[in-house]
Amino acid sequence: MPIKVELADRLKSLPPYLFARIDEMKEEALSKGVDLIDISIGDPDLPTPAHIVDAMKKAVEKPEHHRYPSYAGMLSYREAVAQWYERRFNVKLDPAEEVLSLIGSKEGIGHIPLAFINPGDVVLCPSPAYPVYSIGTLFAGGEPYFMPLKEENHFFPDFSSIPGDILKRAKMMFLNYPNNPTSQTASVEFFKEAIEFAVRHNIIICHDNAYSELYFDGKRPISFLEVEGAMDVGVEFHSLSKTYNMTGWRIGFVCGNKEVIAGLGKIKTNIDSGIFQAIQEAAIVALRSDEGILDDIRSIYQERRDILIDGLSSIGLKVNKPDATFYIWAKVPEGYTSESFTIHLLDKAGILGTPGNGFGEPGEGYIRFALTVSAERLKEAVERIKKAL
Ligand SMILES: *Cc1c(COP(=O)(O)O)cnc(C)c1O
């Protein structure tokens, strides 16, 4: 007689999985043999550069890497991170105390509320957004307060619209620029405003900078930590996933305020045992890569961006041309919702995008396309969308 397996309330209380119906439709289309162009996934289609794979092959042979890794990450990895931050952003970090390795940035983002949030505390989360900010908050017993990112506000939150009783309970805030899904990039002025706000209300800022290296037209995004006062109020999450086509390797890091890093570190020492050191060795090689490698990756995405932007604009869709990220955030045509347009494209054109409201209510009216298929496939996608409209 099997026992009755019942999920914990925290799982039962999760918001409904909006993509379930779309997933079903995708499976159905594939089983019918539809030549699907799937531009719904934020996962690079390009392989990890060969010199990084080679470094991994060598590192995996070394017996010293076969044992438990250090919790915080090898010091040599954290030093490579600090050097990369200095080179790229002119930000100086103490590798021993201001850098912590993560098993992908998702792991750190998902766990950080456990270090600072008590039941009833509020975490300010952007919306639409990467879902992990609010889910990590819920898992810690916290209460997400959603800050809508509106186009008329350049997809920045409006801090002045947050009610006073929420501010009293707010302990932490997530921000993410270059932004997934809107592709908006931040300005120094915006980060300054966020830092002032955080100081005034005693709020920890967690900035997610996963897309800082996926930029176009030479417009390099900034780091939150470049801005004066940032180190006093928060941390920045980063990842090798998108930068070096390493999503499957599961390695990232967080850097910034020492006390915040130490708090997250304490959670992690109790639930994980770090990253396979061979992966850290390969990541050191990645962080020291010649910039030309990244230029090549960027130019591939830029060509794809231009094809999709030009194509979608020419058929009358309203799209924002992104300066960074591999996402296009497009308004759905009149008469459609996010979901109905996604389904229409899947049905009539064999194209899978992501409905904007899946990232949160304020994403309604948009669809997200990812530039993670070849230029040829994107050209084909534009032709098919044209016929389907
Ligand atoms: C892809 C992504 C990440 C990175 O995830 P990893 O766990 O480092 O692979 C973090 N934040 C956002 C917004 C992302 O889209």
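**Note on the predicted model: ligand site, salt bridges and loops**

1. The side chain of Glu107 reaches the backbone nitrogen of Ile103 at 2.9 Å, a polar contact in the sense of a pair of N or O atoms within 3.5 Å, where within protein one must be able to donate a hydrogen and the other to accept it, and residues adjacent in sequence count only if both atoms are side-chain atoms. Glu107 itself sits in helix H5, residues 105–116; helices (H or I, at least four residues) and strands (E, at least two) are DSSP runs numbered from the N terminus. With 12% relative accessibility, Glu107 counts as buried, where buried means under 20% relative accessible area, exposed over 50%, and partly exposed in between, using a 1.4 Å probe and protein chains only. Not counting residues up to four places away in sequence, Glu107 touches Leu102, Lys268 and Asp272, contact meaning heavy atoms within 4.5 Å.

2. Residues are numbered from 1 along each chain as its sequence is written, and side-chain values use heavy atoms, with hydrogens and water left out.

3. Which residues are closest to the ligand? The ligand is surrounded by 14 residues, the closest being Asp208, Ser239, Ser241, Lys242 and Arg250, where a residue is near a molecule if one of its heavy atoms lies within 4 Å of it. This shell divides into four nonpolar, six polar and four charged residues; Ala, Val, Leu, Ile, Met, Phe, Trp, Tyr, Cys and Pro count as nonpolar, Asp, Glu, Lys and Arg as charged, and the others, Gly among them, as polar.

4. An N or O atom in the side chain of Asp208 is 2.6 Å from a nitrogen atom of the ligand, an N or O atom in the side chain of Tyr211 is 2.6 Å from an oxygen atom of the ligand, and a polar side-chain atom of Ser239 lies 2.6 Å from an oxygen atom of the ligand. Of the 390 Å² of accessible area that the ligand has on its own, the protein covers 94%, the areas coming from the Shrake-Rupley method with a 1.4 Å probe.

5. Two of the residues closest to the ligand, Ser241 and Arg250, deserve a separate look. Ser241 is found in the loop between strand S7 (234–239) and strand S8 (252–256), and at 6% relative accessibility Ser241 counts as buried. Leaving aside neighbours within four places in sequence, Ser241 is in contact with Pro44, Met246, Thr247, Arg250 and Ile251. Arg250 is found in the loop between S7 and S8 and is partly exposed, with a relative accessible area of 31%; the phi of Arg250 is near 60°, a positive value in a residue other than glycine.

6. The whole structure contains 25 salt bridges, each a side-chain nitrogen of Lys or Arg within 4 Å of a carboxyl oxygen of Asp or Glu. In one of them, Lys26 pairs with Asp38, the closest N and O atoms being 3.0 Å apart. Because Lys26 lies in helix H2 (residues 20–31) and Asp38 in strand S1 (residues 37–38), this pair ties together parts that are twelve residues apart in sequence, and both Lys26 and Asp38 are buried. Asp35 and Arg377 also meet in a salt bridge (2.9 Å, N to O); since Asp35 lies in the loop between H2 and S1 and Arg377 in helix H14 (residues 375–388), the pair ties together parts that are 342 residues apart in sequence.

7. Helix H11 (residues 277–287) is largely enclosed by the rest of the structure, because nine of its eleven residues are buried. The buried residues of H11 pack against helix H3 (50–60) and helix H4 (75–89).

8. The peptide bond from Tyr177 to Pro178 is cis, with omega near -10°, and a cis peptide bond, with omega about 15°, joins Asn180 and Pro181. Ser183, placed in the loop between S5 and H8, has a phi near 70°, a positive value in a residue other than glycine. Most residues other than glycine have a negative phi, and most peptide bonds are trans.

Technical notes: This is a predicted model: local features need pLDDT of at least 70, side-chain atom pairs count only at pLDDT 80 or more; totals for chains, interfaces and linings use all residues.
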